[in-house]
Amino acid sequence: MSDFSYTYTFDLPQRHYENLSRTNLISLFQQYLESGETHKALGFIMELLHRAPFSEPYKKDALVCISKVVANEFNPLIKNVLLIALTSRTSTKERSFILWQDTLHTDPLHKPLQDLIGYFEDRKEPPEIDLPALRQSLHDPFLHVGLISMVMAHTPTEQALTYIRRYFLMNQDQIQEDDLDFLCALGIHNFFCEYSFHESEEETQTLESVIAEAKTSKDPLKIALVGCYTPLHKTCPEALEALSTNTFFQSLLKIQIKEPHIERELRADIPKLTDIKDDVSKNVQDMYEENPYPRWRDQVIIPRLYTDVDSDILIAGCGTGKFTSQLALMYPHAKITGVDLSMSSLSYAKRKAQEYGALNIDFHQGDILELTKLDKTFDLVECSGVLHHMKDPEAGWKAILSRLRPGGRMFIALYSELGRQPIVKAREKIAQMDIQTDATSIRNFRKSVIDMDVDNPIYSITFFRDFFTLSEFRDLVFHVQEKRYTLLELEETMDRLGLAFLGFREMKEERFKPYKTMFPEAENQLDLQKWHAVEEKNPDMFKSMYQFVCCRKDEIDIVNTGFEKIVNSGLFTFNEIITGEDMI
Amino acid sequence: MTSRTPNFPSQAGFLNLAQAQESETLLEALSKNKEDGSQIDQLYKKALTLYFQKDYQPCTNLINDIYKIDPDHIGAMELQGMIAYEQGRYEISEIIYTQLCEKELENPDFKIGLGEVYLRQSRFDLAENIFAGLTDRKDLDDATRGKTWFGLTKTKLSQGNLKDAGQAIENAYKNTPQDSDILYMYATFFLKKENAPEIEKHIEATKALLEKAEEDEEKSLLGFTLARLYMLAENYEDSYRALEAACAQKRQNLYYDPDEFSEYVQSIIDYFSEDFLTKYRLAGHESTQPVFIISLPRSGTTLLEQMLSAHPEIDTVGENTLLSMLIDTQSYMPPLGEAVYPLRLRKKGTFLTAEAIAHEYANYLYNKKGPQTGRILNKSLSLRFFVGLLYKVFPNARFIHIHRAPLDCLLSCLSTNFTGNTQPYSYDLEELGRHYNDHQKLMRYWESVIPAESWKNISYEDLVSAPEQHLKDILEFLNIDWNPACLEFHKQKKEVNTASAAQVRESIHQKAIGKWSGYLPYITKLKNILEDGI
């Protein structure tokens, strides 16, 4: 996703700060940002971006700045900053989605697209597309950069894009050369969403002939159209022979064919740690083998190195390795082991880790239940969002505990029974509907959810970002195995395992307030029974997961050197208030 | 907002936000009350001493202390500007000197300072304006006038105007014949063998200056000048003796450990192993613009650069060190088995991924030369150590390794008084020989592991003996069509800012081949080391 900047000729606003040095611009930007004059601050960051359109630190700065902006009306400056900054590879972009969307919805250039989205917002039948008029919107790089860098977590926008995609497929004679950038951007977007858009039977039938044509003609427009519906590495690998040098087209080929090819090659280098014998583990593995999950794109790089951290770290259930490679980059001398069931996720993880230069990770395929066979122990074991998908989470927990060195610590994350209630209700209803979990069934089901009455409890799942990506949606509502905990159950389980609770991780100040209000006399915030009482009154407070730290009961006061080094790096906090924009 | 540039903590001269936050101390300082003047004087004297001792960090701390008392202290600002200049942070130095010139409109020293900054930034028109403007001033003393003409000499030389540069150096020399920098430039670039009677006169004058000289730096500079003058007089024995003394003088103030360098080269080879280069797929930048010219100094890099950049599709950023600095100070990768990342992370803690560094450089090229330029050359000398990483992050870049007959290259190095401490191995025959052998080892290694479509060797001797044939070959390697302008390179007005500025304004010649043969009787030690290396 790195080279799109080449494609654009930036339409920059008038520049006022050409005479200021780069350093002065940053200083001014900070001062205005701190004094709340965000729009003036934007002017300075814009000038920086103009001078350095490829500069990662500045793109990152720009995104941090822009995430604090609230736009009540169309502001071309914001559009320009987003246009450049969203090409960053080292920032979180999802935070910018609302602003990007607000800009798209207020920019006069995008009037035709806004009108189309409006029909879906109002739940009205949209009119036939007026492509010549719509093109002014479809050809805008601002739309392209949004499509390639973010999930369109807004159902009317998704519906409009689905409608446009269908129009292109069913009216191929209308496609022009200059539609290529848009089609490639939409193809890239769909690839990352794993083709979650609804596809009608008519489209499926038409697509077959387009695929055949793309294979023989190697026409970039046909190839891009196919890439909007199916991953090219599966349906049209011949696309690599196409002659176009269009940057977007080349990126489409890179993302949809070359990178999956690299992942296939890397599979051979990932050793099998253990056999996967458990039936539930096998089912979960099958579910995650279909697509690497989650298919993350950009890594938040913290520009600090902690070379004195040489600890051994196990990430049990590393998935596609976003957290794993982030740790590896910050702790280049640490020896990190990532274990996961899914080879598909692991090979994705390995490719991404190499891209970023996170070379101190050993990836292994294996079942957590069989980790006792691993001839190695660790200072830190992280197991986030994994145990609750096992048939016997306690057995899994015991297995990873066996790999914990004396004085080491565990970072665990588990689903909350109370926090997950809205999902549970939706899941119960969905379970009654007996929906299959193949891609086509899920796509069709997504459409039926979008069309549901807004008061229907199931409709609430469209407010989750996970709704918009096929794997994440499947993980959200169709996971083959899910165990949820209350804090009381958690305490009992930890008792049986001989573990002590050391605090929740990375909590913001306001999340401690209810505890302190209910129990003002409490010496600390380590009593899970008290926390349970707090959660009962505030069921949303752990709606994602309980993320906490624990250790063996008899080692509360013993911390081994390896873990101490990690703590000293200051990157993790437990039962403390976190600060900083991009803390893990 | 302060009118002053804050304290700049980044060695690379490029700050991101996190780093900029560290510089807030100055802003805080500015808001504090002024204190007693005598304390300032003491601080300033201490800072000045530290500056001359090149202890820049403690000096900068004192400057910050001075600012806490007097945010407009001219002396402190000038020191800050000079430190930034010495550290190659010209953008910062420019801001400070600009502010100084605004504060004291008539002060010629600040103008000269700013002119020198512009020269380092290759902004020759701005430099010319400043120096040419000062030459008309009647109120300058001889030393300042000499500096002004000297500045103009360097400007004209870089602009390729040898005639005006010659006139300017004559004027500089006339005003300050005792200035060793001016004398060195005069002897190195403008005196020819044909001026025999004049040369004798200069030899005597230089010897007299050398006897009086007190500072090490001046002694060595005059020694290099004397060696050059003796050589022009074809008195190689005295020339070599003068050179030997100048080198010894220079060497004693430089740090260089040949064993350490050998280990450094080996550690690069160990880390960027064939396995690393084939197995790992680092992300980078797809730009096809970068071309890296890899060599030792005095190997014909400037000639090659000028020939190639005469082509309308090729441009150059000269010895731009942005990329080298970023790699050397902010890149880091995990140990691979026993092999530890060999490039030194000088600024503890700050870090950019290799990919981000590639993007920073691509950004620089894009801004400096625009997207339409096909290839952009960079001949920064330290690039030779980074080939493995550059190959990974710029998969479409090209590397051209230029080499020259070893004795010609090394004796040319030995006779050159390189700026500051940039080539510390170059002042001792044994160290020079060992450095060459290690360099060759590294070059042979890169050649063995970098695919032929990315790596090309060319010898200086081949280039000057059959330029058209070899240039065509190189252009083909760069996927660029032949253009005869490459042979007419000496007529172009592209900027040159290296020790070879005068040579490349001449048409292709072979005078530099075997130029140093007069020294052969005195360099047996070097020859033996080179033979050992083979």
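How many helices and strands are there in chain B? In what order do the strands of its open sheet run? That sheet is the part I want to see closely.

Reply: One caution before the details: this is a predicted model. Chain B has 25 helices and 5 strands. Of its 534 residues, 49% are buried. Take the contacts in chain B between residues at least 6 apart in sequence: 69% of them join residues at least 24 apart.

Now the sheet. In chain B, 5 strands form an open sheet, and the order is β2-β3-β1-β4-β5. The pairing is parallel. At the edges sit β2 (314–316) and β5 (455–459) of chain B. Each edge strand pairs on one side only. On average, neighbouring strands are turned by 25° against each other, ignoring direction.

Look next at one pair inside that order. β1(B) pairs with strand β4 (residues 398–403) of chain B in the parallel sense, over 4 bridges. Within this pair, Val291(B) stands opposite Arg398(B) of β4(B). A helix covers part of the sheet here: α24 (residues 467–477) of chain B packs on it and touches β4 and β5 of chain B. The direction of α24(B) makes about 170° with that of β5(B).

Follow the chain into β1(B). His285(B) lies in the loop between α16 (274–279) and β1 (290–294) of chain B. Is His285(B) buried or exposed? It is buried, because 27 other C-beta atoms lie within 10 Å, and the cut-off for burial is 20 or more. Ala356(B) is 71 residues away in sequence, yet the two C-alpha atoms are 8.8 Å apart in space.

Further along chain B comes helix α21 (residues 406–414). With 8 of its 9 residues buried, α21(B) is largely enclosed by the rest of the structure. Among the buried ones are Pro406(B), Asp408(B), Cys409(B) and Leu414(B). What do the buried residues of α21(B) pack against? They pack against three helices of chain B: α14 (236–251), α22 (429–449) and α25 (524–533).

Chain B also holds a helix pair. Helix α5 (residues 74–86) and helix α6 (residues 90–103) of chain B pack at about 150°, with axes 8 Å apart. So α5(B) is roughly antiparallel to α6(B). The crossing of α5(B) past α6(B) is left-handed. From α5(B), the contact uses residues including Ile74(B), Met77(B), Gly81(B) and Tyr85(B). From α6(B), it uses residues including Tyr90(B), Ile96(B), Leu100(B) and Lys103(B). The contact residues divide into 9 nonpolar, 4 polar and 2 charged.

Finally, a parallel pair in chain A. Strand β1 (residues 312–316) of chain A runs parallel to β2(A), joined by 5 bridges. Ile315(A) stands opposite Gly338(A) of β2(A). Strand β2 (residues 335–340) of chain A is mostly covered, with 6 of its 6 residues buried. In a regular strand, side chains alternate between the two faces of the sheet. Here, Lys335(A), Thr337(A) and Val339(A) point one way from β2(A). Ile336(A), Gly338(A) and Asp340(A) point the other way. Helix α3 (residues 56–66) of chain A is mostly covered too: 10 of its 11 residues are buried.

Notes:
Residues are numbered from 1 along each chain as its sequence is written. Chains are lettered from A and ligands numbered from 1 in the order in which they are written. This is a predicted model: local features need pLDDT of at least 70, side-chain atom pairs count only at pLDDT 80 or more; totals for chains, interfaces and linings use all residues. Axes are lines fitted to C-alpha atoms, for helices over the stretch in contact, and angles run from 0 to 180 degrees between N-to-C directions. Helices (H or I, at least four residues) and strands (E, at least two) are DSSP runs, numbered from the N terminus. Angles under 35 degrees count as roughly parallel, over 145 as roughly antiparallel, 65 to 115 as roughly perpendicular and the rest as oblique. A crossing is left-handed if the near helix is turned anticlockwise from the far one by less than a right angle, and right-handed if clockwise. Two residues are in contact if their C-beta atoms, placed from the backbone, lie within 7 Å. Ala, Val, Leu, Ile, Met, Phe, Trp, Tyr, Cys and Pro count as nonpolar, Asp, Glu, Lys and Arg as charged, and the others, Gly among them, as polar. A residue is buried if 20 or more other C-beta atoms lie within 10 Å of its own, exposed if 12 or fewer, and partly exposed in between; C-beta atoms are placed from the backbone. Two strands pair if DSSP finds at least two bridges between them.
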